[in-house]
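Let's go through a few of the labels used for this model and see what each one rests on. Have the sequence and the 3D view at hand.

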Amino acid sequence: MTILVDATEEKHTSPARSRPDLLALAGAALVLVGALLPWAAFVLPGGAYPDRATLQFFDAPHLVSGFRLHLVLLGLAGLAGRARRPAGIGVVVIAVVHLAFLIGLGAPSAGGPVALVGGALLVWRRPAVPALSLPLPGRALAWPALLAAFAGLLWLVSATLTAGGQSRATNPHGGAEFLAFCGFAFALVGVLSAYGVLAWLAALTQRHRIFAFTVMLACALLLPVTGAGTGYWMTVASTIGVYAATAIGLNIVVGLAGLLDLGYVAFLGIGAFTAANLAHSVPFPVAALAGAAVAGFFGVVVGAPTLRVRGDYLAIVTLAFGEIFFRAAQNDIGGLTGGVNAIPGIPPITLFGQAFNQPVGALPGGFLYYGLAVLMVAAAMVVLVNLKHSRTGRAWEAIREDEDVARAMGVRTGRAKILAFLVGATMAGLAGAVFAHKLGTVGYESFDFSESVTLLAAVILGGMGTVPGAVVGASLLFVLPEKLREFSDYRLMLFGLALILIMRFRPRGLVSSS
């Protein structure tokens, strides 16, 4: 009898492979040594380099913090076979970022080159191991695991927002700290993925959807009580929420139905201008519903003529609609947009006499707008997930894969396409109403073609057709530019490089549907 042995299994069980990899162990040791060595040889003109990294302040080697603590953790992770490559990549990113800053400041470094060599060894000596498949536990263990996972996600979001401070004026080394923390965060995600933890959590979330969604919503509402709970980040986070809700609507059109819409931001503008014109005469809920209804109407108007076009021709038609709206708003056609003067003086949303732009007790100003944005995104996600698993959602996916085959199988493609435009435009109109009241002023400049491209990029980078993809993509596209403002002329180049790397290593999006 012949016994077939899998080559991969034989490779990993052979005596030669069972021996410790000395080069990998040396790389992990070098990372640990590099973390404990001084990184700046003298005190810099802008102040001491962060985390006790200069010779003058290096009086307690065991009290590491900041990026040096991250290096220690990644060095320890590099001792394990599966974690070598992501840990090594994180070490290389941290070392390169800080070395580049120190070289630019004219400060030699002892720990940087040592850590860089160690990280390179970890990347080079990564073992080829099969993927892990972790068993799913029962509810008694699943719920605590989900609680811990979303609490960790809340910490990661807060730490990312606060890494490096808010401006170079308060922290001259903030740019290096933020980019280095990004390297650590990606390495942490890579390590968890290498051990199958992320796939395990995804399966656990799918099995306990209602509980996971409730915990995720609660964690999102708890962001203001973390280190990111400042007026500045509440303003940024609420803006992200508005665009995330808009991107979810676009995800229905592009991600589910496969209809390329290059003028989608016009629906956001329609909702914003409608609410702005009604702000002084009706309560906010009425103005928001009116903005959603008017945007949905124009969604049908745009969708109807596109029934006989597809692909590039559909993109051109939607692009033309977006440009028509932009020029009409710019020239104040109908006297509804204010033209170059915009529409100022839009009152903030109030609830029981409490204005949403004012602090609430110890919570910062803008907290209520952030809470409203979170609830709006949660509602949009519920709509998306229900539509995706409905008969209509399956019809949209059939149209996306092959419209001719879908029609041959009995799908009423025209009706389904118009419905996709209607639902997506309605979501954008509702988000536009919140956007108008939050800003207090609405002008045509906020709805140009570049905003449509940004929304489309958020959907593609996050993962087309996935529920959290649009939220992740919108967060990435609006947080990175805010954090990279410190880099002045290089900000857009670094932003573009980050997008290229994401598309290279995650071509299906950060949250892939497959």
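Q: Why are H3 and H4 called roughly antiparallel?
A: Helix H3 (residues 22-36) packs against H4 at an angle of about 165°, with the axes 8 Å apart. Angles run from 0 to 180 degrees between N-to-C directions, with axes fitted to C-alpha atoms over the stretch in contact. Over 145 degrees counts as roughly antiparallel, and under 35 as roughly parallel, so H3 and H4 are roughly antiparallel.

Q: Which residues of H3 and H4 make the contact?
A: With contact meaning heavy atoms within 4.5 Å, Ala28, Val31, Leu32, Ala35 and Leu36 of H3 meet Arg68, Leu71, Val72, Gly75 and Leu76 of H4.

A word on the source: this is a predicted model, where local features need pLDDT of at least 70 and side-chain atom pairs count only at pLDDT 80 or more, while totals for chains, interfaces and linings use all residues. Residues are numbered from 1 along each chain as its sequence is written, and side-chain values use heavy atoms, leaving out hydrogens and water.

Q: What makes H4 and H8 roughly parallel to each other?
A: Helix H4 (residues 66-77) and helix H8 (residues 174-194) pack at about 25°, their axes 10 Å apart. That angle falls under the parallel limit, therefore the pair is roughly parallel.

Q: Why does Cys182 count as buried?
A: Buried means under 20% relative accessible area (exposed is over 50%, partly exposed in between; 1.4 Å probe, protein chains only). Cys182 has 16% relative accessibility, so Cys182 counts as buried. Cys219, at 12%, counts as buried too.

Conventions. Helix = DSSP H or I, 4+ residues; strand = E, 2+ residues; numbered from the N terminus. Parallel < 35°, antiparallel > 145°, perpendicular 65-115°, else oblique.
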